[in-house]
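Open the structure in your viewer and keep the selection tool at hand. The stops below are meant to be taken in order.

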Amino acid sequence: MDLNEVFPSGYLHYLAGGLLIGGGTALLFIGAGLIGGMSGIYSSVWSWFSRAPHFQQERIRGSRDWRLVYSIGLILGAFLWLITGGTAWSTGIGAWQLLLGGFVAGFGARLSNGCTSGHGICGVAALQPPSLLAVIIFMATAIATANIMRAMGGA
């Protein structure tokens with residue numbers, strides 16, 4: 001297999017991105033004891049708007065302030081990338097497909113009690129067996145979906 005096919009823009013910025021994500025989540029955990037998964041942000045946001053008992057649990061309401069700061073930091077990081085000469089990247093996938101994919105991914109994250117960042121980065125780093133199983137299922141599903149989409153003529 002040709003590495004240029006797997007990493008068409010070179011592997012260094014993928015490596016740098018992985019190191020920055022891993023370093024950031026490690027810093028969050030070591031410095032504050034917090035797990036930086038993204039699916040928890042979904043519940044935290046809903047805790048401001050919904051009075052449903054699930055969204056009013058103390059663990060959800062109590063984490064919404066730092067999760068808001070965490071989310072804003074992610075958005076500012078992307079903005080910083082753009083204003084320092086980085087280029088915007090497009091998937092070429094339609095907006096409705098991205099929106100549908102986001103809802104399916106969000107449902108899956110709630111169903112598995114965590115998302116790829118929570119299980120894949122934080123859970124595996126903490127040697128949690130459920131997180132390792134979740135990541136195996138995430139990856140197998142992603143590989144199967146990509147191959148099905150490619151076979152159907154997708155990107």
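The tour visits one arginine and then some aromatic rings.

This is a predicted model, in which local features need pLDDT of at least 70, side-chain atom pairs count only at pLDDT 80 or more, and totals for chains, interfaces and linings use all residues. Residues are numbered from 1 along each chain as its sequence is written, and side-chain values use heavy atoms, leaving out hydrogens and water.

Select R67, which sits in helix α5, residues 64-83 (helices are DSSP runs of H or I, at least four residues, numbered from the N terminus). R67 is buried, meaning under 20% relative accessible area with a 1.4 Å probe, protein chains only; exposed is over 50% and partly exposed is in between.

What is the nearest side chain of opposite charge to R67? It is D65, 10 Å away, and R67 has no salt bridge (a side-chain nitrogen of Lys or Arg within 4 Å of a carboxyl oxygen of Asp or Glu).

Next, look for aromatic pairs; the whole structure has 3 (ring centres of Phe, Tyr or Trp, the last by its six-membered ring, within 6.5 Å; planes under 30 degrees apart are stacked, over 60 edge-to-face, the rest tilted). Select W46 and F55: their ring centres are 6.3 Å apart and their planes at 35°, so this pair is tilted. W46 is partly exposed at 38%, while F55 is buried at 16%.

Finish with W66 and Y70, with centres 5.9 Å apart and planes at 70°, so the pair is edge-to-face. Both lie in helix α5, 4 residues apart.

Key
Helix = DSSP H or I, 4+ residues; strand = E, 2+ residues; numbered from the N terminus. Lys, Arg positive; Asp, Glu negative; His and termini not counted.
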